[in-house]
Every structure is written in C-alpha cells, then in structure tokens.
Amino acid sequence: MRETYRKCLGLVAGLFLLTPAFAADEVVVYSSRTEELIKPLFDLYTKESGVPIRYVTDSGGPLLARLKAEGANTPADVLITVDAGNLWQAAESGLLQPVSSDVLDANVPAHLRDPQGQWYGLSLRARTIVYSTARVSPDELSSYEDLADVRWKGRVCLRSSKSVYNQSLVAMMIARLGPERAADVVKGWVNNLATAPFANDTRLMEAMAAGQCDVGIVNSYYFGRLQKERADVPLALFWPNQGEGDGVHVNVAGAGVTRHAGNVDGALKLIEWLSAPEAQRMFAGRNMEYPVNPEVDPNAELVQWGSFRQDPRNIADAGRLQAQAVMLMDRAGYR
Amino acid sequence: MRPDSQALHPGVGLDPGAQRREFSRHRALHRFWRVPSLLLAGVVVLPLLVVFAAWLQPEAEIWRHLADTVLAELVTNTLMLLAGVACGVLVIGVGLAWLTTMCEFPGRRFFDWALMLPLAMPAYVLAFVAAGLFDYAGPLQTLLREHFGPVSWVPDVRSAGGVIAVMTLVFYPYVYMLARAAFLTQGRATLEAARTLGLGPWQAFFRAVLPMARPAIFAGLALALMETLADFGAVSVFNYDTFTTAIYKAWFGFFSLQAAAQLASLLLLFVGVALVTERSLRGRARFHEARHSARARPQRLRGAAAWAASVAAGLVFFLAFLLPVVQLGNWALQSLATDIDARYVEILLHTLLLGAMAALLTVAGALVLAVTRRRQSDHLTRAAVGVATLGYALPGAVLAVGVMVVLTGVDNAWAALMRMFDEQWTGRLLGGTVVALLLAYLVRFMAVAFGPIESSFARISPSITEAARMLGVGPLEAVRRIYLPLLRQGLLTAALLVLVDVMKEMPATLMLRPFGWDTLAVRIFELTAEGYWERAALPALTLVAIGLVPIFVLVRRSAR
C-alpha cells in the first residue's frame, strides 16, 4: 500500500516538473478550427519550412478568454477561428495586432479581412438556401428575405438562433436592410417555421428529406457531406440574392497575429503560407469550403453546384452587429 | 458533531490526569485540522469568487434585454426541467436501489451493477442518440409513417419531456449508487425494527428506511440536479433554452463574459440557497446506525411482482444504456477503419491518467473537508465547506475561466517576479501544466466526492469515535482505524464518480490541458464541433467502455 502511495506521489511530482519547453522559432497557435482540418496543413508547413508548430484547439469564446487572461505572458502567436464574429471580437478586445503584408493583401479579397489588418479570412463558408427537389421548384426561390413571405407558411426549417452562422447571417442582413426590415424578415421566418429550430444543419436537412419541411438555410459544406453519404438525397442548393451589389452570405474561417505574440515574424509567415494556393486548396478542400484566394478554384465537388456572387460587404460587420442580431432574434421569438 | 463540547464520561481504568492531557492534545489537533481544510476551501472558492467579481462591471443593457425578452421563459424552463429530473431520478434511482439491494428477482445480480453503467454515458451523447432515433426523420417515426401514413400523435422528442427523459436516464445513477450504498450499509436492523413495531412493508420503507437513507439520497439528488443545471450539451441538442444556455448566449452571442458570469453567479446563489434549505429542513435529525448490523437478507419477490421488478429494471437499462450503446456501436463501426490510429493509445492513457489523479486528489480533499465538517461546526468552517462544494453547479466553461483567471494571475505575478532578476524570462509556472488541469477538476468535482463521503459519515455514530477516544486512540489514528474502514463504501463511490466524471469532462479539459494532452472528451469535441456526430461515436463508446472498469471495481468491492 505504502509503495503505491509513494509511486503516485512520484508521478504527480514528475508531472509538476514537466513544464513545456519551447523551441526558439516555433509558432504557437490557438485554433477553433479543429485538429482534423488544421493538423495536415501544419504538418505540411513544418515539412516545407522546418518550423515546428504547437497548437491547442477549443471553441472561439474560451480561446479568447484564455488569451485575455494570459495577457502579455501568452504563449500564443496566432489565433485561428471558424467565424468572423470571434475574429472581430478578438480585434475589438485588443487581443490581435495589425500586420501589413502584400502577400495577404493580394491573396485575401478586401471584404474578407479586417480593414486594419488585424485578421484575414482563409476559407469561405457559404450559408445558403437548401430546398426539397420534390416539393419546390428553384423558380419559386429568390432571396433570404423571401422565405419570410406567407406562401412559405409551415414549410421553413431553421437551425437554432444560437448558431453563430445564423447570428452572422442576421447581422449582415441588418447591415444590408437596416434593423427594422431585418426584424420583419426574422419574424416572418419564425411565423413560417414547420417545426422548432434544429440543433444542427445536418438534422435540418434530414428532416427536410423526410418531408417535414420544404426550404431551409444551411452552410453549403454540410449539404456536400450529406450528398456524399446519400447521393440520391432529394435536396438541392439555391444561391439567393444574386442581384447587383448583393450576394450569398459568406462567413470566414480566418487568422490573426496575437497582440503579445513572441514570434510575430513566424506567425505572419504561417498566415501568408495559409493564404497561398497550395495551402488554400487543402485548407478549404478538406471541409468542402470555398477558398478565399480568387486564384484558386474550388473543389470539383463544389463546381457542380454552380458559381455564385458573394455578399460584397465587409465581413467585419458580422462581428460588429452580432449582439444586435442576437437581440433582434430574441425579440422575434426565434429560439 | 462536537465531540469536545460533550462531557466525557469518567473512563474506566484510565487515570484522570492522562485523560486530561489526552483531551488537550485533541483540541490542538482539532485546530490543526482547520488549517488545511480552510486552505483547501480557499483554493476551491477563489475561482468562484472570480465569477462573482463579474458584478463589478455592470452589463445593464444585456440585463434589460434579457428581462424584456427571454428571461421569464428561461427561468420557467429551467425550473420545469429541475422538477422533472428530480422526480425522475428519485423514482428510478431510489426504487431500483431498493429492488436490487433488498429484494430478490430474476436478473437481480446482473441489474445490481448494470444499472450503474449509464453513469459512463455523457448526457450530450444520449441526447444526440435519442434525438436521432425518435425525431421526425428518425427510424421510429419513419417506420410508423410507412405503415400508418402521416402520424401526428407521436410526442415531439425535441421538447421539455424529451430533455427531462434524457437527463433522468443519464443522471439517475447518482441517486441509485448513493441510495444503494446507504441501503447496503443500513442493514436489516432498521427494517426489522420497523416491522416489529407493527409497520407494513411499505410503511416500513417510507417511514424508517427512506428517512435513514435521506442524506445519501439527497446527496445523489443534489449531484443530479447540479449536473442538470450546468448542462449545456444535452439541452443544445434539443435546442431547449435554460438558464445555462442564456449564460452561453451572453458569452458567445453578446461577447460579454461579464454578463455570462453574472448569470452564472445567480445559478450558484440558487444552488447555495437550495442546499442550505435542505440542511435546515433536515434540522437536528441524525442518521446513525445503532450498531454495525448484519447486512440485509433480501426479500424474495414472487410471481407478477418479481417479473414487474425485472421488467422495470430491464427497461431502464435498455433505454439508458443498451439502446444508445448499440446505436453508438453501429456508428463507430463505420468510422473504425479510418479514425483509429496509434494516437488512440496515447489518448486513452491521458484520459485514464487524468481521471485517476483527479479522483485521488479530489477524494483526499473531500475527506479532509468532511472530517473537518464533522469535527468543527463553527460558522466559518460550515460556510467554507458549503461554498467549496458549489463548483459542480457551474457550467464547465464558466468555471474553467474562473480557474484560469486565478492560475494566470499567479503565473503573471510569478513572471513579473522572475523578470526582476532576468528580463528575458519567459517560462511559466502553472498555466499549461497538468497541475492547472488537476486544480480545475478539484474545484469542479469537490461536490461529487464530498456527497458520498459526507453521507457515509452521517451514518457513523459518534459513540464509536467517543469509545475510541476513551481507549486512547488519537484523531489521526481514528481516521485510519475507524473512519476509513467505515467510510470505505463512500470513498469508493466518491472515487468512482469523480473518475468517470473527469473522463467525461469537456470544457475545462479543453481550456486548460497542456499542449498535446488530448483525451477522449477532447476527441469528441473535435468531431462534434464540425458536426461529425456519428464519427464521435467511436471516442464516445470508448469512453463508456473504460468507464466500465472502475464500475466493475466498485461492484466487486461492494458485493453484498
């Protein structure tokens, strides 16, 4: 018994001394893009440049809280998130630093990066309309706003308003239409719901395929995944709001250099590399997202859905107006 | 319990002087006990204070908005959920514990341990499986539609009822295990005494046995309800809005960690008031065993009663464990070939190691608190111990922020100190080490370890310790020779609960783990964060499987 205690004590003491050692040129990344989507890129970068990368994954909110608490002592050089809202918030709370880079300016379109250069989008997540090919003809569809029309009563499926993708969508709608009109649209959506909002896009599409509703709003890559699993799924994507100066709502997964980065140079080089064609194909392709770099064509699977015009407004608005959007959805009774 | 305030009877065969010396040595040791336990309580309380400190930065606009829109509904939803889960876990947990410890029916030996297994099932996993199976697009409703056309009479699983059912099935093992431990140590004496006094079997159960087991049952119920309050995963799957979803909305939606912490502190206050109320209702009642009696000989059920017992236990086992495991297994098989690699060994090792270390640490901490609580009843100690066990009711991520703020505060101070000697110093002390994570587990799971230990304490008669002291046994020796053996069941239960809970724990592990320390829960996060729920079945099933190991140990050690 005593022997066991001693061993346990030794183990605990051993772990206590096991503080991490950092290599000099190493880049440390906090990422809310998951390991599965990001590790292959890091591995390739290390292979090409010899620079080791150390990373930790978590959701955006906790990563920001962590950066804030650690302050000047943070080990992190780069922050990667999967939505523009958290990037905007990180910049707003002074957790990132502006960088200027001709490479990034060339590779990332202006509306997908922070005007001050605090963060840069790296892949596009298009949030678009999905419809049942059995019960809806694409001629009936036109815009997000149109789903608020009474002719869709009892036919709309939506994901929860707690999804950051819906919060960004409504925030950009506020930027586009103004708060009153946006509130009317959201109220209309809620009135047209066929069933309570879903926890995720996949469940929403499964319900639609089973006949619970006819139209909905999802991120395109979830549809791609479902299609891969069930090639005959009776659903299709529609690109709404294709008029001049308008476009499909897109969110970005992106990155910024942290305010207290110990290795600013290494951090910037990594982000630049991620925006270059080779990495762009992998970064976006692994999850069937669209590359931000206009030089790079999307995956073959995505080409079959056709091309579309993106909302040209700066995606930073998604962060700036997010709290307002959440309040608007609360008032509209959108759960 | 205040041994030192009670008059000592003149010892037989002890000389009075020696007894007096013995007595003052006791007092000194009692005071000595207070120091480590107050320190321990301090460590646990600090992160909670960080949460309360959020009130220093008012968030009037968000509060006004919440009060105007969703707050009333959230509170109603949460209270409804609590009431439903409380009824559910009490009926299922106490009822099944009674059946498996005090009765004999077909399959009892199997159900005795099998009914603990759902403990290893994370709530969000069962929620996801249930939503998948019973929702509109799920196999059940699809089958019904194929045979009967459109069906409108099937209740919607994504509703209050669905959430309550899922949480009841996941959290009843807390009540089951603690009630079971109480019934096992309670012995036949209570029941027989009640029967001798002319009570029928039901009356004896409700008027003698149940009140005696009250500390244990309440401890189990408190754990189940605190988990219910803190849960975010399961309610998210059902898109059911509770107080905790509002906390996350404030944080992730409004970008206000302050408002989130303020909401969370209200949750803590609510739990604190509930616990204090229960204590005062319990009043001065004591729950000691009259003597260490023989264990109960089970009552053999016959005919319909026996089969009803088997069916009830079987149904709970099927819904809470077998069905989700089969569904998980089905999904896991699909991803087995692609997802399992060499890293899995490392992940398993980390999961087990963290669980075991946290269990050891937390049980030791809870034992110190419980001993102090028994020996000291001044207000400071009571309050400190009470607050130290609130961490379980906080949503994990909020608590993790509290822990992190404390730890990084220590680290930053340390770094500032070191830079006075060496300007280039960049090392760190606690952040990013296993110690940080263990501290977080200690704070979070103190209540889980404290409940079973304290409820077994409550059943130890002070006369035993008095007797020991009369025989000249010192306090430390009393712990070793009296408490530890009598508390064995409670300690084992506590260690098992903490071990399994730590292995399931996600938010604090994510936030505080050292680089590369991935666990099974982290794997589940990695997959579910991008919507790969089916692929998350593999780590989830592995989690359930290794959760079985400690359960088997407990069962073997406590077989009746």
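## Contact between chains A and B

In this predicted model, 51 residues of chain A are in contact with 46 residues of chain B, contact meaning that C-beta atoms placed from the backbone lie within 7 Å. On the chain B side, the elements that give two or more residues are α10 (233–237), α11 (243–253), α14 (343–375), α16 (396–421), α17 (434–458) and α20 (507–512). The largest share, nine residues, comes from α16(B). Helices here are DSSP runs of H or I of at least four residues, and strands are runs of E of at least two, numbered from the N terminus.

By residue class, the chain B side divides into 25 nonpolar, 14 polar and seven charged. Ala, Val, Leu, Ile, Met, Phe, Trp, Tyr, Cys and Pro count as nonpolar, Asp, Glu, Lys and Arg as charged, and the others, Gly among them, as polar.

## Numbering and confidence

Residues are numbered from 1 along each chain as its sequence is written, while chains are lettered from A and ligands numbered from 1 in the order in which they are written. Local features need pLDDT of at least 70 and side-chain atom pairs count only at pLDDT 80 or more, whereas totals for chains, interfaces and linings use all residues.

Helix α6(A) has 14 residues and reaches 20 Å from its first C-alpha to its last, close to the 20 Å expected at 1.5 Å a residue. Of these 14 residues, 12 are buried, so α6(A) is largely enclosed by the rest of the structure; a buried residue has 20 or more other C-beta atoms within 10 Å of its own. Just after α6(A), Gly178(A) takes a positive phi of about 90°.

The axes of α6 (residues 164–177) and α7 (residues 179–192) of chain A come within 7 Å and cross at roughly 135°. Val170(A), Met173(A), Ile174(A) and Leu177(A) in α6(A) meet Pro179(A), Arg181(A), Ala182(A), Val185(A) and Val186(A) in α7(A). The residues of this contact divide into eight nonpolar, no polar and one charged.

## Buried sites elsewhere in chain A

In helix α9 (residues 220–229) of chain A, Ser220(A), Tyr221(A), Tyr222(A) and Phe223(A) are buried. Their cover includes β4 (120–132), α8 (201–210), β6 (215–219) and β7 (235–238) of chain A.

Val252(A) is found in strand β8 (residues 249–257) of chain A and counts as buried, with 27 C-beta neighbours inside 10 Å. The C-alpha atoms of Val252(A) and Arg125(A) are separated by 5.8 Å, although the two are 127 residues apart along the chain. Not counting residues up to four places away in sequence, Val252(A) touches residues including Ala84(A), Leu112(A), Arg125(A), Val292(A) and Ile315(A).

Key: Axes are lines fitted to C-alpha atoms, for helices over the stretch in contact, and angles run from 0 to 180 degrees between N-to-C directions. Two residues are in contact if their C-beta atoms, placed from the backbone, lie within 7 Å. The expected span of a helix is 1.5 Å times one less than its number of residues.
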